[in-house]
Amino acid sequence: MKTGATEEQIARVVSEVKKYGLKADVSRGVFKTVIGMVGDERKIPFSHFEILPGVKEVIRIEIPYKLVSREYSRHFESPSRHRIIKVKNVKIGGSEPVYIAGPCAVESREQLFMIAEGVKKAGAHILRGGIFKPRSSVYSFQGLGAIDRKTAEKALRWLREAGDEFDLPVVTETRGELHVDLVAEYVDIIQIGARNMYDQDLLTQVARKKKPVLLKRHFGAGVEEFLSFAEYIAAEGNKDIILCERGIVPIGKGRSYTRYTLDLGAVPAIQKETYLPIIVDPSHGTGRRDLIYSMSCAAMAAGADGLMLEVHHAPAEALVDGQQMITPDELKNTIETCQRIYKLVQLKTKNEVTG
Ligand code: PEP
Ligand code: MN
């Protein structure tokens, strides 16, 4: 829209966009308002929009992840801006890295509280804990959520209580559309696991909860696909998306050394494309406790906005992913070093992106 376009003119364009069966994404910069048209682009008569009062120009942005791209946001914000996602008193994507830590799976109230206390003392900001676990085998522990709804709710309540007790916002995964409402009731951030990155109906439904979404990259997805699926969340008007690099499928005999291949090159590449924060999960990315420290440091050096780390007070006794979980003491050590690395590499200033 032209500088100084009136609210009526903006509303008129929005209603015209809707008339064509598209959604309108209104972003207000300091001087300019930009209206993104979301949906099947074949339906857009450019010449019609060009002549509406208050319209400066109509531009086609060809990339499939338009709303989350810098290519789009640069029309109303400074190109160097980042989106800061506020979750209670934690800022993700701001000037400090964020550490999300906790067990792979919630096993009991006692286990969760013990780990929550440990990760808080170690310097973590957000508590994680899986309740609906995506597993490769039907014969493995599927998480307490799989037992029945009552148990799922009980485990979600523990997570909420542990978060409140130690002043940590909480995140857990919703594995299917069935549990979105339930999970959203208890957590501050809703996680979409790697295996579900491609589930556009799940993405849409989670986005509508108007809570921040932690979207993990599928292990077979390219960067463009990853961002294109993040776009499904943004298309619902929810841009509080935290991207997470968690490793892609290894080649050759790779799997006998690391569970996945942590694609750290994707971190700065993605930061050039989008203003969304991106964190790294070295736990699933390596599958090995003895590599977590090194790869956490490497992720920080690559410029990640934070880390997600699986932590257990007794990894050997864990029901899931014991081989990759570190102890709270190891977490403390990792965070201390990562803080120093982050300060060295974060020379750029970070400002908030609105809209
Ligand atoms: C998890 O974070 O609990 C998890 C299962 O990770 P991913 O979806 O990346 O495999
Ligand atoms: Mn795990």
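Reader: What ground rules apply?

Author: Residues are numbered from 1 along each chain as its sequence is written, and chains are lettered from A and ligands numbered from 1 in the order written. In this predicted model local features need pLDDT of at least 70, side-chain atom pairs count only at pLDDT 80 or more, totals for chains, interfaces and linings use all residues, and side-chain values use heavy atoms, without hydrogens and water.

Reader: How far apart are the end C-alpha atoms of helix 12?

Author: Helices are DSSP runs (H or I, at least four residues), numbered from the N terminus. The expected span is 1.5 Å times one less than the number of residues. Helix 12 has 18 residues, 328–345, so it should span 26 Å; its ends are 25 Å apart, which agrees.

Reader: Which residues of helix 12 are buried?

Author: Buried means under 20% relative accessible area (1.4 Å probe, protein chains only). Among them are Leu-331, Ile-335 and Ile-341. The buried residues pack against strand 5, helix 4, helix 11 and strand 12.

Reader: What about the largest nonpolar core?

Author: In soluble globular proteins, nonpolar side chains tend to be buried together. Here the largest nonpolar core has 79 residues; Leu-331 and Ile-241 are among those with the most contacts inside it. Core members are joined through side-chain atoms within 4.5 Å.

Reader: Which side chains make polar contacts with ligand 1?

Author: A polar contact is a pair of N or O atoms within 3.5 Å. Arg-195 lies 2.9 Å from a ligand 1 oxygen, Lys-216 2.8 Å and Arg-246 2.6 Å. Taken alone, ligand 1 exposes 300 Å²; the protein buries 97% of that.

Technical notes
Helix = DSSP H or I, 4+ residues; strand = E, 2+ residues; numbered from the N terminus. Buried < 20%, exposed > 50% of the residue type's maximum accessible area, 1.4 Å probe, protein only. Contact = heavy atoms within 4.5 Å. Polar contact = N/O pair within 3.5 Å; in protein donor to acceptor, adjacent residues only side chain to side chain. Areas by Shrake-Rupley, 256 points an atom, 1.4 Å probe, with all protein chains shown as cover.
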